[in-house]
Amino acid sequence: MVLSKIDWNFRKSDPLSRLQKLHSYPATLPPQVARKLIEHYSEEGDLVLDLFSGTGTTLFESNILKRSSIGIELNPLAKLISEVKTTFIDLDRLDKEKIKLIKRLKDKVEKSEFKVKYEYWYDEKTFIALKQIQEDISLIKEKNIRKFFLIALSDVVRKASKLKHLGFKMHKDKEKRTKFSKQEITKELFLPKVERNITNFSQINELFNKTYSVKVIKADSTKRQKIRKESVDFILTSPPYGDSRTTVAYGEFSRLPLDILNLHSDGSDKLDGKLLGGSLTNIDITDNLNSKTIASIIRKFTKKIKTEDSKYKKTRLNRRLKSVLAFYKDLNLSITHGSYYLKKGKYMVFIVADRTVMDIKLDTVKILKEFLIPHGIELKDSFKRNILSKTMPPLVNASNIPGVNSQTMMKEHILVFKKK
């Protein structure tokens, strides 16, 4: 297989892509892309690692290709989805539990002790109904089946709330219907989603290879995990394009589902601040992280700051520079750990896109090359693909000047590195 001749856009529908429809999620990795790369750069029986595993596309594709895999993911919602996606479930037992659950869902609740959270985003009746359904699901003893029903509930939360259904940031939709009883959510939203998931799952369930392990670690990729040095055969990952607050808002997207599912104990409302580049604490705006490209970015920001008359805009520029540096600092830490896990002579592939912030281009491709050279890892090949499906406007204001718009990220780079 010659990778340079592949059309990486994969415009044709893939039968296995229906697995992605178990739950909506921002900026997922196309399964066909992962499959081709795993097939080419690893072998059966290898251990594959994804440093930012999201909803588990790399893990699932590795399993059906007879590879074991490890995923590192900090978002509890993404971890939950990936666990369901990569776990074999006995469909007969699933059906029996569904019958029991439907019976519980029909029970009337005379009194509720739930206190409505995030009143701005929910009708009180709807919030209580969602929590009651979650409690009914929690009575399922078998963990894997319980999780299956939880992601179905999670995926209808946005539809039942006051959030705009399209888009991943939290914006209120004043026109949509948001008042539902428990029976209405069950009949109109939850059970139809359950049935769609069962149909999709039944078609790919037989592909699971129980021989090959799948492990999802809820952890921060910027910190060293309990993965042995030089134990990984292949790394395939698609890190965020930038920090969550200013690019794809994974935390905002996950906030309400995590609360309904009782997975908010670690502060889901503050998740964006914990993800890559989320913390601006101890960020030195003169630290170029030993990257010539980042040094150039700092100079361009500094020039803008010095020539800006408005104190407010100076502060804003300074903060945006900090957020850029925080993101690359965290990305560098993650890469450093990845190079520690990877065997010599093996490959790591990053799928990234370049951003424009305050009208300054951030060349992530060059930065990654500069980060990896000190670890004895060199760029061996690269491919481009169009970003075909994403909930982003065609034009964005990257300059902060009213009316001055530029094209948003339209292409991804598939970067193939090899460790000496």
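Student: Are K79 and E83 buried or exposed?

Tutor: K79 is buried, and E83 is buried as well. Buried means under 20% relative accessible area, exposed means over 50%, and partly exposed lies in between, with a 1.4 Å probe and protein chains only. Please note that this is a predicted model, in which local features need pLDDT of at least 70 and side-chain atom pairs count only at pLDDT 80 or more, while totals for chains, interfaces and linings use all residues. Residues are numbered from 1 along each chain as its sequence is written, and side-chain values use heavy atoms, with hydrogens and water left out.

Student: Why does K100 count as partly exposed?

Tutor: The relative accessibility of K100 is 47%, and therefore K100 counts as partly exposed. K100 has its place in helix α4 (residues 91–106); helices (H or I, at least four residues) and strands (E, at least two) are DSSP runs, numbered from the N terminus.

Student: Why are K79 and E83 separated by about one helical turn?

Tutor: They are separated by about one helical turn because they stand four residues apart in helix α3.

Student: Which residues are linked with E83 in a network of salt bridges?

Tutor: K79, E83 and K147 are linked in such a network. Between E83 and K147, the closest N and O atoms are 2.8 Å apart. This pair links distant parts of the chain, since E83 belongs to helix α3 and K147 to helix α6, 64 residues apart. Both residues, E83 and K147, are buried.

Student: How many salt bridges does the structure hold?

Tutor: The structure holds 15 salt bridges. One of them joins the side chains of K193 and D155 at 3.1 Å, N to O. K193 lies in helix α7 (residues 182–204) and D155 in helix α6, so the pair ties together parts that are 38 residues apart in sequence.

Student: What makes helix α8 mostly covered?

Tutor: Helix α8 (residues 250–260) has 11 residues, and nine of them are buried. Among the buried ones are Y250, F253 and I260.

Notes
Salt bridge = Lys/Arg side-chain N within 4 Å of Asp/Glu carboxyl O.
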